[in-house]
Amino acid sequence: MTERLTRRDILKGATSLASTVAAAHLFPAPRLLSAAAPGRKLNVAAIGCGGRGLHMSGLGPDLNYVALAEPDAGNLNRALQRLAADADKAGVKDFDPARIKTFSDYRLMFDKVHREIDLVLIATPDHQHAIPSMMAIKLGKHVFCEKPLVHHIAEARALGEAAAESSVVTQMGNQGSGTGGHQTLAEWLAAGAIGKLLEVHAWHIFASRFGGSMPAPEPQPLPQGLDWDAWLGPAKSRPYSSVYRPWHGWCDFGTGSLGGWGTHVMDAVCFALQLGYPQRVELLDVGDVSEDRFPRWSTVRYDFPQRGELPPITVFWHEGSKPNTDGSYRGPDGKPTQTRPHHPPVFAEIERLDAELAKRLSGAATVFVGDQGMICCGSHGGGPVLLPASRRQEFTPPPATLPRPSGGIMGDFLRACHAGGGPTFSGFATFAGPFLEMLLVAHLAMRAGLNRPVEWDGAAMKCTNLPELNQYVKREYRQGWTL
């Protein structure tokens, strides 16, 4: 058994694992297209036009928006205004927003105009990611879906298999994975930057929208211009309430901090360590949890077995904030705060070694702990930093050997689309699907409760010791909304 990642391990992952991912569900270092292929404008349909949907509108003059699907008429109007402004800024003289077809329900959009569409951009709440992604794949459309790719584990398996069988381009929008930080991290680990790797800690310190119990929402009058049935999609029917928007902390609609931010910090861990399936996942700490909402804070331990020549490794996920009951934690102004970040114990050592770095990493980050030091990485592909400072002086960074994306995660996707196909960094089959299968096992552990570890058979996609949890591997879809 090797004591640390070697350069051979990393390069082997980059060249051979891609062919075995469908069977083994490991995490290859994806091959990246080096240049965009010239061609005509691509016809785009956007599903979800609020929040992230608006951020995705100004993607350049080589795209032609033909359809928008969004249940909130206000979001639709703002998206059209944004597209018009982008066209004006780019000097596009023939842009006419009236030519863009609009729908409140993406099912109707696919039914009416799918022949006009080349690629689909999806930026809906989490519970609406899998169905339109699958519809796009089955219709032969390239698809970019915001993170997290899915709401349930079984959806990740289904989309990964569908993408593997299709020639369409797929990409999950974990934007930081397109910055090059993941590759640098993998190369440093392979070069022995911290010696033998002992454990990994990842965290996200969030506000209440990602979790914490709440009273059952009272029904409210439906806002004008909102198609509530289309917004609910596959979720159980219920009266409208504005409390469901933001949706991130509601189990029926969101995936909590794990799906919202775990995709921005744990993706680096998966890429660098080729994690594959965990064999055991356990909830170690939790607070303010309810049946309908994700917890206010939690700590989850993932145990991964030997992976080829890579030794077993334990990865910890820490999320949320705890009550600052004794007033010992103080904010930037020096005054006690109501809550304190739920950092891992090793965070105190980071503060001791580099207080400024600790401030930058406080909200969301990852630390790889070795027997010769630590590597700290910020969220969204933040470049690695070695601690202590003496280790930085001793270590000579290796040459860059892994391919880096150009133009970020969206540029990577669009190049493959213009080429008519090809691999992407976070493709549904090669990375995003297997990654979400692994990540969301923690939700089963949260349902199991403390001191009830989940023994996980990844290939069979089931819990072997607590079979009552297997009902949560997949979801029940409302009639008319199926995968």
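Reader: What share of the contacts in the protein chain with a separation of 6 or more is between residues 24 or more positions apart?

Author: The model is predicted, and the contacts here are those computed from it. Contact means heavy atoms within 4.5 Å. Among contacts in the protein chain with a separation of 6 or more, the share held by residues 24 or more positions apart is 70%.

Reader: How many helices and strands does the protein chain have, and what is its radius of gyration?

Author: The protein chain has 17 helices and 16 strands. For 483 residues the globule rule gives 23 Å, and the chain comes close to that, so it is as compact as a globular protein of that length. Its C-alpha trace spans about 60 × 55 × 50 Å along the principal axes. The radius of gyration is 22 Å.

Reader: Which residues of helix α15 are buried, and which strands do they pack against?

Author: Helix α15 covers residues 408-418, and eleven of its eleven residues are buried, so it is largely enclosed by the rest of the structure. The buried residues are Gly 408, Ile 409, Met 410, Gly 411, Asp 412, Phe 413, Leu 414, Arg 415, Ala 416, Cys 417 and His 418. Just after α15, Gly 420 has a positive phi of about 85°. The strands that the buried residues of α15 pack against are β1 (42-47), β2 (63-69), β4 (119-122), β5 and β6 (170-173).

Reader: Which residues of α6 are buried?

Author: In helix α6 (residues 130-138), seven of the nine residues are buried, so this helix is largely enclosed by the rest of the structure. After α6 comes Gly 140, with a positive phi near 80°. The buried residues of α6 are Ala 130, Ile 131, Pro 132, Ser 133, Met 134, Ala 136 and Ile 137.

Reader: What is the volume of the largest pocket, and which helix gives the most to its lining?

Author: The space in the largest pocket is about 940 Å³. Its lining has 34 residues, and those nearest the centre are His 152, Cys 251, Asp 252, Arg 447 and Tyr 472. By class, the lining has 18 nonpolar, six polar and ten charged residues. With four residues, the helix that gives the most is α17 (residues 441-448).

Reader: Is His 152 buried or exposed?

Author: His 152 is in the loop between β5 (142-146) and α7 (153-165). Leaving aside neighbours within four places in sequence, His 152 is in contact with Leu 440, Tyr 472, Val 473, Lys 474 and Arg 475. The cut-off for buried is under 20%. The relative accessibility of His 152 is 14%, so His 152 counts as buried.

Reader: What is the volume of the second largest pocket, and which residues are closest to its centre?

Author: The second largest pocket has a volume of about 710 Å³. Of its 38 lining residues, the closest to the centre are Arg 52, Ala 123, Thr 124, Trp 247 and His 248.

Reader: Which helices each supply at least two residues of the lining of the second largest pocket?

Author: By class, this lining has 15 nonpolar, 15 polar and eight charged residues. The helices that each supply at least two residues of the lining are α9 (228-232) and α10 (256-260).

Conventions
Residues are numbered from 1 along each chain as its sequence is written. This is a predicted model: local features need pLDDT of at least 70, side-chain atom pairs count only at pLDDT 80 or more; totals for chains, interfaces and linings use all residues. Side-chain values use heavy atoms; hydrogens and water are left out. On a 1 Å grid over the protein atoms alone, a cavity is a set of points where a 1.4 Å probe fits but cannot get out, and a pocket is an open set with protein on both sides within 12 Å along at least five of seven lines; lining residues have an atom within 4 Å of a point. Grid points are joined across faces, edges and corners, and a volume is the space filled by probe spheres set on the points. Ala, Val, Leu, Ile, Met, Phe, Trp, Tyr, Cys and Pro count as nonpolar, Asp, Glu, Lys and Arg as charged, and the others, Gly among them, as polar. The radius of gyration is taken over C-alpha atoms; the globule rule is 2.2 Å times the number of residues to the power 0.38. Buried means under 20% relative accessible area, exposed over 50%, partly exposed in between (1.4 Å probe, protein chains only).
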